[in-house]
Amino acid sequence: MDVPRLMAQVSAKKKAYVETYGCQMNASDGELMLGILAAQGYEVAATPEDADVILVNTCAIREHAEQRVLGRVGQLNQLKLERPELVIGVTGCMAQRLGPTLLERAPYVDLVMGPDAYRRLPQVLARLRPAAANGAQRRELPVLSKAASLRVAALDFQPHENYEDLEVRRTSRLSAWVPVQRGCDYRCTYCIVPYVRGPEKNRDPEKILAEVRRIAQDGIPEVVLLGQTVNSYQHGEWDFSRLLRAVARVDGIRRVRFTSPHPNDLTPALVEVMAQEPAVCKQLHLPVQSGHDRTLKRMLRRYTVASYLEQIRLVRAAVPDLALSTDIIVAFPGETEAEYEATLDLLRTVRYDDAFLYKYSPRAGTPATRLPREQFIPEEVAQARLEGVIALHRDIQAQINRGELGRVVEVLVERPARTPGDVLGRTDSNKVVAFPGDPAWIGRFLRVRLTATTGATFVGELVGDPALQVA
Ligand code: SAH
Ligand code: SF4
Ligand code: F3S
């Protein structure tokens, strides 16, 4: 090898690619990992094909999510057949859940790292020797060597790791995720999150505010505060309502959203901040999970249908035009037909603008899996319940959205729409609107009249001259 080529190789930066699944917290962790790697000299690869290190940042919330990811990791193994030096890592919640067993199932995976270990990513990668691809010529499982045991070393919970003082690599110029809390202290009986993300930890409010100020200085107008039960946030004298108010008052921040609040921590003070602070979006995602008290109790949600409805009444009274969304699980073990019907009734009562609807998925190690076998709902019944709740929700959503037609709303223009000549934006209440426009408007707040709806999204038209509108 001649000297110039050798030098080029030595100085060539390694490229990393992170592919994220799951919730916004996980997506935010993906940006954190890229930031940590970039600070150590890595470049960000545009595609997996272009990368020296691929990290698949996984979710464990439902069986289906895990199956998809395992399939994807298998696909990436094909790249490794051509490039044996390629490093494949699995990070995030499924990595934490499966740990070393993942290395046995997928011998071509080099690194399994849980959500508390990302700070060590560059050091761990530097010590890795990539495992062989699992090609036709090499079917046997590798012996778990010293190098292999190094690969599983990154699964401990770190009670003080809040990833302070690290640069994240943000993907959006318009909206920034800001985790304010990690982990969860609730123990909903169906849920894997407390087991894969550990106990609740809250960040120092001063650090959060400093981050939000930097975001505003970078010209990003929207922040989304993240936590598994974000409104249980508590740090010294600061609770979530105080934090939200302070964030909403940072100069340059036009919109603040937060997700997911737990109904039990929705305090009057928080409702007041939502009503008073113009930057706090008129949008609330309040997961209910079920519309029946017995199921709620068995899920260990710690509220009743009546207390939940009372919260909704209070917040709606304080924040007119509030858009509400929720999460629902149907076919929790032991859910009777009448209990399922009660969930449908709750949907009819609340009339959610949006809803994320799931079929119960057993997660090993969670209390619900220990319920008597005969309580588990047969797949056909579960599927029918899911389809029923989806149909009802879509119907309600379309009715609500038809009622919005003719209104003029402020839209933050996000990107070109699929239809050429259209752009896509989001309203304060998180509704998506496509309208004829110029991609040069991306990043601007414009007034748009809602003219038609597809059910879930809107079509609109600009009101007035964009040049005269506030930026
Ligand atoms: N921390 C958030 C939710 C995180 S998980 C909260 O408490 O609101 C997002 C949603 O996934 C949950 O609200 C729930 O509706 C759903 N979910 C969680 N575990 C599930 C399981 N085992 N099966 C089906 N859906 C589940
Ligand atoms: Fe899971 Fe419940 Fe914690 Fe949400 S509050 S993450 S559903 S245990
Ligand atoms: Fe999934 Fe982990 Fe989020 S399990 S939903 S990625 S916290």
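Let's start with Arg255, which sits in strand E12; strands here are DSSP runs of E with at least two residues, helices are runs of H or I with at least four, and both are numbered from the N terminus. Arg255 is buried, with a relative accessible area of 2%. By buried I mean under 20% relative accessible area, exposed is over 50%, and partly exposed is in between, with a 1.4 Å probe and protein chains only.

Before I go on, a word on what you're looking at: this is a predicted model, where local features need pLDDT of at least 70 and side-chain atom pairs count only at pLDDT 80 or more, while totals for chains, interfaces and linings use all residues. Residues are numbered from 1 along each chain as its sequence is written, chains are lettered from A and ligands numbered from 1 in the order in which they are written, and side-chain values use heavy atoms, with hydrogens and water left out.

Back to Arg255. Which residues does Arg255 contact, leaving aside neighbours within four places in sequence? Among them are Pro221, Glu222, Val223, Ala279, Glu410, Asp428 and Phe445, where contact means heavy atoms within 4.5 Å. Cys281 is also in contact with Arg255; these two are 26 residues apart in sequence, with their C-alpha atoms 6.0 Å apart in space.

Now follow the chain out of that strand. Strand E12 covers 255–259, and the loop from there to helix H11 (268–276) holds Ser260. Thr259 and Ser260 are joined by a cis peptide bond, with omega about -10 degrees. For background, most peptide bonds are trans, and most residues other than glycine have a negative phi.

Helix H11 is where we find Met274. Is Met274 buried or exposed? It's buried, at a relative accessible area of 3%. Not counting residues up to four places away in sequence, Met274 touches Leu244, Phe258, Val280, Gln283, Leu284, Val315, Val319 and Leu322. Pro466, on the other hand, is 29 Å from Met274, C-alpha to C-alpha, and 192 residues away in sequence.

For a contrast, look at Ala246 in helix H10, residues 240–248. Ala246 is partly exposed, with a relative accessible area of 22%. Beyond its neighbours within four places in sequence, Ala246 is in contact with Leu209 and Trp238. Its C-alpha atom is 9.7 Å from that of Glu277, 31 residues apart along the chain.

Next, helix H15, residues 379–403. At 1.5 Å a residue, its 25 residues should span 36 Å, and the end C-alpha atoms are 36 Å apart, which agrees; the expected span is 1.5 Å times one less than the number of residues. Buried residues in H15 include Leu386, Val389, Leu392 and Ile396, along with Arg385, His393 and Asn401. What covers the buried residues of H15? The cover includes strands E14 (323–330), E15 (354–359), E19 (445–453) and E20 (458–462), plus helix H14 (337–350).

Two loops among those elements deserve a stop. Ala331 is in the loop between E14 and H14, and its phi is near 65 degrees, a positive value in a residue other than glycine. Ala331 is buried, at 5% relative accessible area. Arg351 lies in the loop between H14 and E15 and has a positive phi too, about 60 degrees. Arg351 is partly exposed, at 31%.

On to the ligands. Around ligand 3 we have Cys23, Asn26, Cys59, Ala60, Ile61, Cys93, Arg197 and Gln228; a residue counts as near if one of its heavy atoms lies within 4 Å. By class, that shell has 5 nonpolar, 2 polar and 1 charged residues. Here Ala, Val, Leu, Ile, Met, Phe, Trp, Tyr, Cys and Pro count as nonpolar, Asp, Glu, Lys and Arg as charged, and the others, Gly among them, as polar.

Finally, let's step back to the whole chain. How many helices and strands does the chain have? There are 15 helices and 20 strands. Buried residues make up 54% of the 471 residues. The C-alpha atoms fill a box of roughly 70 × 65 × 50 Å along the principal axes. And of the contacts between residues at least 6 apart in sequence, 73% join residues at least 24 apart. Thanks, everyone!
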